[in-house]
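Trainee: I would like a close look at a single part of this model. Please take me through it step by step.

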Amino acid sequence: MSSNSGRQPGSTDPVKDATVSALERVLDPLLELLFDAGVTVQEFNRIARTRSARIATKRVTNASGRASKSRVAIMTGLPRSEVARILSSLDSLPKSKPDQHPARRVLAAWHDDPRFLAPNGDPAVLPIFGKKRSFERLVERYGGGIPVRAMLDELMQLDAVERLEDQKVRAKSRVPIMTGLTTRSIAAVGERGRDLLETLAHNVRRSAQPYFEATAVIDDGDLELVNFLRREIAEQGTNFINSATSLLNRSQIKRSSKTAKSSRAVRLGVTVYYFQEESPNDGEPTVVGTHSRRKNLRRQPGKPSKAESK
């Protein structure tokens with residue numbers, strides 16, 4: 001996309017110009033993803049208009065105490081009739097609460113729940129099936145109803161677990177890396193992208209008490225060293241995320257404490273990510289939706305479990 005496509009001739013608003021330029025850069029990878037998923041520009045336009053009316057209504061309500069459709073129309077540039085229609089349709093939508101990705105929840109429990117830890121505190125090597133300490137019980141408790149075989153397939157696809165002999169599995173990573181064009185990986189794009197943009201926007205609006213954000217970047221990296229650097233950064237990033245997770249867990253509200261009811265809960269988190277931009281004609285082709293062949297799993301003789309049924 002051209003960096004000047006959204007600017008008006010003779011514009012004298014440098015902040016607006018810079019915002020449009022930033023928007024174009026943010027939209028480029030998002031549009032690539034939309035096209036991969038078959039989302040049209042018309043659908044994107046509808047979503048943008050709907051979200052604009054919703055966000056503007058929230059801002060107007062916070063400022064004046066009431067949702068003025070006329071002020072929302074002025075702020076967004078949308079016709080007042082369209083604002084009214086959008087807000088009316090939003091009122092009828094069911095409210096949903098974001099939840100942690102099931103694969104992440106299972107891996108986190110595998111690293112934290114004493115019932116699934118080895119004596120040294122590491123995630124225990126678990127039999128896939130079993131009535132007591134097993135991967136089946138782990139998924140049954142933390143997988144949100146996902147069948148044990150489906151969860152194992154997902155974690156193996158993410159290279160987060162390793163299948164061993166005698167139908168046992170070992171955790172390889174606490175942090176699964178979403179790859180491939182799947183509903184879960186796309187959901188992760190929305191969640192991580194929103195968190196990063198909200199942090200950057202917060203720091204732009206407020207100079208006092210900014211949220212932590214830092215980037216290490218070079219423009220002339222040696223292509224021969226990329227694989228080594230990627231592995232090193234992944235290892236260091238995983239170690240940092242593990243430490244951050246332990247710190248965040250200690251800050252959770254203790255539901256059994258006397259002050260639990262009066263405590264305000266806030267969503268806290270930190271994300272570490274690696275990025276790489278190829279020079280023209282140097283990039284490798286993107287392969288979408290590649291999956292390894294599923295290995296057969298057989299339950300040892302015994303009573304079937306609900307977690308296994310599909």
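Trainee: Does Glu-191 count as buried, partly exposed or exposed, and at what relative accessibility?

Mentor: This is a predicted model, so read every value as computed from it. Glu-191 counts as partly exposed, because its relative accessibility is 31%. The cut-offs are under 20% for buried and over 50% for exposed. Arg-192 has a relative accessible area of 25%, so Arg-192 is partly exposed too. The side chains of Glu-191 and Arg-192 meet in a salt bridge, at 3.0 Å from N to O. Side chains of opposite charge can pair when their charged atoms come close. A search of the whole structure finds eleven salt bridges.

Asp-159 and Lys-172 meet through their side chains in a salt bridge of 2.7 Å, N to O. That pair links distant parts of the chain, 13 residues apart. Asp-159 sits in the loop between α7 and β2, and Lys-172 in the loop between β3 and α8. Asp-159 counts as partly exposed at 46% relative accessibility. Lys-172 is partly exposed at 40%. Next, Glu-162 and Arg-170 form a salt bridge between side chains at 2.3 Å, N to O. Glu-162 is partly exposed, with a relative accessible area of 30%. For Arg-170, also partly exposed, the value is 33%.

The largest nonpolar core has 23 residues. Trp-110, Leu-126, Phe-135, Leu-138, Met-151, Leu-155 and Val-169 have the most contacts inside it. Helices α5, α6 and α7 and strand β3 each supply at least two residues of this core. α5 gives the most, with five. Take Leu-138: beyond its neighbours within four places in sequence, its contacts include Val-106, Trp-110, Phe-116 and Leu-126. A second, separate core has nine residues, among them Ala-56, Val-60, Val-72 and Val-83.

Last, the helix packing. Helix α6 (residues 135-142) and helix α7 (residues 148-157) pack at about 95 degrees, with their axes 9 Å apart. The angle makes α6 roughly perpendicular to α7. From α6, the contact is made by Phe-135, Glu-136 and Val-139. From α7 come Val-148, Met-151, Leu-152 and Leu-155. By class, this contact has six nonpolar residues, no polar residues and one charged residue.

Note on methods:
Residues numbered from 1 in each chain as written. Predicted model: local features only at pLDDT ≥ 70, side-chain atom pairs only at ≥ 80, totals over all residues. Heavy atoms only, no water. Axes fitted to C-alpha atoms, helices over the stretch in contact; angles between N-to-C directions. Helix = DSSP H or I, 4+ residues; strand = E, 2+ residues; numbered from the N terminus. Parallel < 35°, antiparallel > 145°, perpendicular 65-115°, else oblique. Contact = heavy atoms within 4.5 Å. Nonpolar A, V, L, I, M, F, W, Y, C, P; charged D, E, K, R; others polar. Core = buried A, V, L, I, M, F, W, Y, C linked by side-chain atoms within 4.5 Å. Buried < 20%, exposed > 50% of the residue type's maximum accessible area, 1.4 Å probe, protein only. Salt bridge = Lys/Arg side-chain N within 4 Å of Asp/Glu carboxyl O.
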